[in-house]
Amino acid sequence: MIVIDYKDRRPIYEQVVERFQELILNGALPADTKLPSVRNLAIELSINPNTIQRAYATLEQKGYIYSVKGKGSFIAGDVELMDFKKQEVLKQLGEAINQARKNGIAYEEVEKTCQAIYKEEQIND
């Protein structure tokens with residue numbers, strides 16, 4: 001589920017946060033799914049439990065998960081969060097397309113590139 005890239009310069013907790021965000025936004029982890037305990041995930045990934053705790057705290061602050069005392073952490077089912085993230089991604093895509101237009105890249109080339117990237121991502125997921 002989570003793979004750590006030790007060549008990545010980002011802190012490990014950020015990689016864990018990013019991977020969980022991807023899994024949640026892709027629907028691979030549906031609402032109310034129980035996450036592994038901090039200890040179990042730390043053992044599975046061979047990393048310090050404090051790193052997982054920090055990642056879970058970040059995910060909770062951002063609204064991706066919620067905690068229940070004595071029960072663990074669960075995926076939040078916040079539809080507004082999902083819509084917000086979708087709009088954020090579409091905004092970034094729009095900015096990239098505007099930048100391409102300003103740099104003289106033809107519509108057909110942008111379309112072709114977008115289709116190729118989107119199809120590639122679908123295959124790799």
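**Helix packing and aromatic pairs**

Reply: In this predicted model, helices α2 and α3 are oblique to each other. The axes of α2 (residues 38–45) and α3 come within 8 Å. Two packed helices are described by the angle between their axes and the distance between the axes. For α2 and α3, the crossing angle is roughly 120°.

Me: At roughly what angle do the axes of α1 and α3 cross?

Reply: The axes of α1 and α3 come within 8 Å, and their crossing is right-handed. An angle from 65 to 115 degrees would count as roughly perpendicular and one under 35 degrees as roughly parallel. The helices α1 and α3 are oblique to each other, and their axes cross at roughly 45°.

Me: Which residues of α1 meet α3?

Reply: On the α3 side, the residues in contact are Thr51, Ile52, Arg54, Ala55, Tyr56, Thr58 and Leu59. Their partners in α1 are Ile12, Tyr13, Val16, Val17, Phe20 and Gln21.

Me: How many aromatic pairs does the structure hold, and what is the geometry of Phe20 and Tyr56?

Reply: The structure holds 2 aromatic pairs. Phe20 and Tyr56 form an aromatic pair with 6.0 Å from centre to centre and 70° between the planes. Planes over 60 degrees apart count as edge-to-face, and the pair of Phe20 and Tyr56 is accordingly edge-to-face.

Me: How many residues apart are Phe20 and Tyr56?

Reply: Phe20 belongs to helix α1 (residues 12–25) and Tyr56 to helix α3 (residues 49–61). The pair links distant parts of the chain, its members being 36 residues apart.

Me: Are Phe20 and Tyr56 buried or exposed?

Reply: Buried means under 20% relative accessible area. Phe20 has 0% relative accessibility, and Tyr56 has a relative accessible area of 4%. Because these values fall under the cut-off, Phe20 and Tyr56 count as buried.

Me: What is the geometry of the pair formed by Tyr66 and Phe74?

Reply: The ring centres of Tyr66 and Phe74 are 5.6 Å apart, with 25° between the planes. Planes under 30 degrees apart count as stacked. The pair of Tyr66 and Phe74 is therefore stacked.

Me: Which charged residue sits over the ring of Phe74?

Reply: Phe74 is buried, with a relative accessible area of 15%, whereas Tyr66 is partly exposed at 30%. A charged end sits over the ring of Phe74, 6.0 Å from its centre. That charged end belongs to Lys34.

Me: At what distance from the ring centre of Tyr13 does Arg54 lie?

Reply: Tyr13 in α1 and Arg54 in α3 are among the residues at the contact of these helices. Arg54 lies over the face of Tyr13, and the distance from the ring centre is 3.9 Å.

Me: What is the phi of Ser46, and where does Ser46 lie?

Reply: Most residues other than glycine have a negative phi. Ser46 is not a glycine, yet its phi is positive, at about 55°. Ser46 is exposed, with a relative accessible area of 61%, and it lies in the loop between α2 and α3.

Methods
Residues are numbered from 1 along each chain as its sequence is written. This is a predicted model: local features need pLDDT of at least 70, side-chain atom pairs count only at pLDDT 80 or more; totals for chains, interfaces and linings use all residues. Side-chain values use heavy atoms; hydrogens and water are left out. Rings of Phe, Tyr and Trp (its six-membered ring) pair if their centres lie within 6.5 Å; planes under 30 degrees apart count as stacked, over 60 as edge-to-face and the rest as tilted. Helices (H or I, at least four residues) and strands (E, at least two) are DSSP runs, numbered from the N terminus. Buried means under 20% relative accessible area, exposed over 50%, partly exposed in between (1.4 Å probe, protein chains only). A charge sits over a ring if NZ of Lys or CZ of Arg is within 6 Å of the ring centre and within 35 degrees of the ring normal. Axes are lines fitted to C-alpha atoms, for helices over the stretch in contact, and angles run from 0 to 180 degrees between N-to-C directions. Angles under 35 degrees count as roughly parallel, over 145 as roughly antiparallel, 65 to 115 as roughly perpendicular and the rest as oblique. A crossing is left-handed if the near helix is turned anticlockwise from the far one by less than a right angle, and right-handed if clockwise. Contact means heavy atoms within 4.5 Å.
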